[in-house]
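Visitor: I would like a close look at one part of this model, side chain by side chain. Please take me through it slowly, with the cut-offs as you go.

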Amino acid sequence: VDLLMNLLEWSRAHTGKMEFSPENFELVHFINEITLLHENIAAQKSITLKKDLPPALTVFADKHMISTVMRNLISNAVKFTREGGEVIVSARQTPEETIVSVRDNGLGIAPGRMDKLFRIGASESTSGTNNEKGTGLGLILCKEFVEKHGGRIWVDSEESKGSAFYFTLPNTTKSE
């Protein structure tokens, strides 16, 4: 399902059929809903999904695009984390931006592969800890959607210790 969704969204984004429709919305509630969607898959691998979130946090963003970014990052974290591991989703706001992170204590990424993660043509799929498949398209989509908002996306990772993916959204809100 993730593969088909990513292919469809990538196609829409590149044919001009996906509108950019930012709006003010409550990010913490939104993140809670998205992590709920991944709890069954995480539970199948005995992975604990934790959240480190403030009580509330409003952002001005395209909900559909941010949903795609969050789904991909959480799905990847679960995919590359061994049984009994943990995934932590956090968010915080600075005066300039909102920073969201998805950290895991999974396989990690080899240094030579990190710079290829967000580039089409250079990206390649890697099997997860239970041989889950992917296309390498999810992170490319994440990068495009985050940059469309004027944000940044990056990763810190250490092989066999885990990865932390971060993305930012500028703190801009529109009044009604």
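Guide: Let's start at R152, which at 42% relative accessibility counts as partly exposed; here buried means under 20% relative accessible area, exposed over 50%, and partly exposed in between, with a 1.4 Å probe and protein chains only. Before going further, please note that this is a predicted model, in which local features need pLDDT of at least 70 and side-chain atom pairs count only at pLDDT 80 or more, while totals for chains, interfaces and linings use all residues. Residues are numbered from 1 along each chain as its sequence is written, and side-chain values use heavy atoms, with hydrogens and water left out.

The side chain of R152 forms a salt bridge with that of E97, at 2.9 Å from N to O. This pair joins distant parts of the chain, 55 residues apart: E97 belongs to strand β5 (residues 97–104), and R152 to the loop between α5 (137–148) and β6 (153–158). Helices (H or I, at least four residues) and strands (E, at least two) are DSSP runs, numbered from the N terminus. By salt bridge I mean a side-chain nitrogen of Lys or Arg within 4 Å of a carboxyl oxygen of Asp or Glu. While R152 is partly exposed, E97 has 18% relative accessibility and so counts as buried.

How many salt bridges does the structure hold? There are four. Among them is the one between E86 and K50, with N and O 2.8 Å apart. E86 sits in strand β4 (residues 86–93) and K50 in strand β2 (residues 48–52), so this pair ties together parts that are 36 residues apart in sequence. E86 is partly exposed at 25% relative accessibility, and K50 is partly exposed as well, at 38%.

Another of the salt bridges brings E147 and K143 together at 2.7 Å, again N to O. Both residues lie in helix α5, four residues apart, or about one turn of the helix. An α-helix has 3.6 residues a turn, so residues three or four places apart point the same way. E147, at 42% relative accessibility, is partly exposed, and K143, at 26%, is partly exposed too.

At its start, a side-chain oxygen of E26 comes within 3.3 Å of the backbone nitrogen of V28. That falls under the polar contact rule: a pair of N or O atoms within 3.5 Å, where within protein one must be able to donate a hydrogen and the other to accept it, and residues adjacent in sequence count only if both atoms are side-chain atoms. Just after α2 comes S46, with a positive phi of about 55 degrees although S46 is not a glycine. Most residues other than glycine have a negative phi. S46 lies in the loop between α2 and β2 and is partly exposed, at 44% relative accessibility.

S160 also has a positive phi, near 65 degrees, and is a residue other than glycine. Its place is the loop between β6 and β7 (162–170), and S160 is exposed, with a relative accessible area of 52%.

To finish, G162 is in strand β7 and is buried at 8% relative accessibility. Setting aside neighbours within four places in sequence, G162 is in contact (heavy atoms within 4.5 Å) with D104, N105, G106, L107, G108, D156 and S157.
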